[in-house]
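Here is a walk through one protein model. Keep the sequence and the 3D view side by side as you read.

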Amino acid sequence: KSNTMKENDLSDDKLPFAIGVYEPVLMFSIIDENKINLASLNRIRTNFVKKYFDKGYNETYPNVLFDYQKQIMEQGHLEAYNHWILGKGNKIAFDKWYENNKDKWDEFTEWFSDNKINITDKNNFYRGMY
């Protein structure tokens with residue numbers, strides 16, 4: 001038997017969300033990354049959203065934030081959103097990205113102004129739920 005862990009080897013049946021879902025999905029989202037910068041964080045966050053939904057965790061562990069990020073991704077704005085969320089961590093890298101992606105930024109900000117996240121009593125979540 002191989003000691004190499006595979007994505008399908010994980011069982012989330014009784015584990016808390018952080019251990020059974022979030023950390024493994026994040027771990028498999030960073031596999032091909034060897035440095036941390038805005039570009040790699042964008043890839044990691046994009047991979048995370050894809051894997052979270054591909055595995056069906058949105059059904060067993062609903063999360064309004066991940067639903068919203070998927071909506072942003074489906075609209076083609078996740079790269080701009082991720083740079084907006086993380087850009088203050090490296091203003092020089094953000095400014096360089098912005099210089100090369102003004103159209104993406106403008107499309108995102110136009111879309112975003114009419115499509116805010118909507119957290120209600122029915123879709124809110126907290127750690128103790130899982």
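Helices (H or I, at least four residues) and strands (E, at least two) are DSSP runs, numbered from the N terminus. On that basis the protein chain reads α-α-α-α-α-α-α. It has seven helices and zero strands.

The model is predicted: local features need pLDDT of at least 70, side-chain atom pairs count only at pLDDT 80 or more, and totals for chains, interfaces and linings use all residues. Residues are numbered from 1 along each chain as its sequence is written, and side-chain values use heavy atoms, with hydrogens and water left out.

Take the chain totals next. Buried means under 20% relative accessible area, exposed over 50%, and partly exposed in between (1.4 Å probe, protein chains only). Of the 130 residues in the protein chain, 32% are buried. The accessible surface comes to about 9,100 Å². Carbon and sulfur atoms hold 50% of that surface. These areas come from the Shrake-Rupley method with a 1.4 Å probe; for residues, only the protein chains shown count as cover. A contact means heavy atoms within 4.5 Å. Among contacts with a separation of 6 or more, 57% join residues 24 or more positions apart.

Now turn to helix α7, residues 102-113. The expected span of a helix is 1.5 Å times one less than its number of residues. For the twelve residues of α7 that gives 16 Å, and the end C-alpha atoms are 16 Å apart, which agrees. Which residues of α7 are buried? They are Trp105, Phe108, Trp111 and Phe112. Seen down the axis of α7, these buried residues fall within an arc of 135°, so they line one face of the helix. The arc is that of the directions from the helix axis to the C-beta atoms. On the other side of α7, Asp103 and Glu110 are exposed. The cover over the buried residues of α7 includes α4 (64-74), α5 (78-86) and α6 (91-100).

Helix α5 also carries Leu86. Leu86 is partly exposed, at 23% relative accessibility. Not counting residues up to four places away in sequence, Leu86 touches Leu38, Leu41 and Arg45. The C-alpha atoms of Leu86 and Asn42 are separated by 8.8 Å, although the two residues are 44 residues apart along the chain.

Helix α2 (residues 38-54) holds Ser40. Ser40 is buried, at 0% relative accessibility. Leaving aside neighbours within four places in sequence, Ser40 contacts Glu33 and Lys35.

Charged pairs come next. A salt bridge is a side-chain nitrogen of Lys or Arg within 4 Å of a carboxyl oxygen of Asp or Glu. The structure holds four salt bridges. One joins Arg43 and Glu33, with the closest N and O atoms 2.8 Å apart. Arg43 lies in α2 and Glu33 in the loop between α1 (17-29) and α2, so the pair ties together parts ten residues apart in sequence. Another joins Glu79 and Lys104 at 2.6 Å, N to O. Glu79 lies in α5 and Lys104 in α7, so this pair ties together parts 25 residues apart in sequence. Glu74 and Lys70 also meet in a salt bridge, at 2.7 Å. They are four residues apart in α4, about one helical turn.

Last, the surface. Leu65, Ile117, Ile119, Phe125, Tyr126 and Met129 form a nonpolar patch with about 550 Å² of accessible area together. Patches are made of residues with over 30% relative accessible area and no salt bridge: like charges are joined within 9 Å, nonpolar side chains (Val, Leu, Ile, Met, Phe, Trp, Tyr) within 5 Å. Met129 lies in the segment after α7. Met129 is partly exposed, at 40%.
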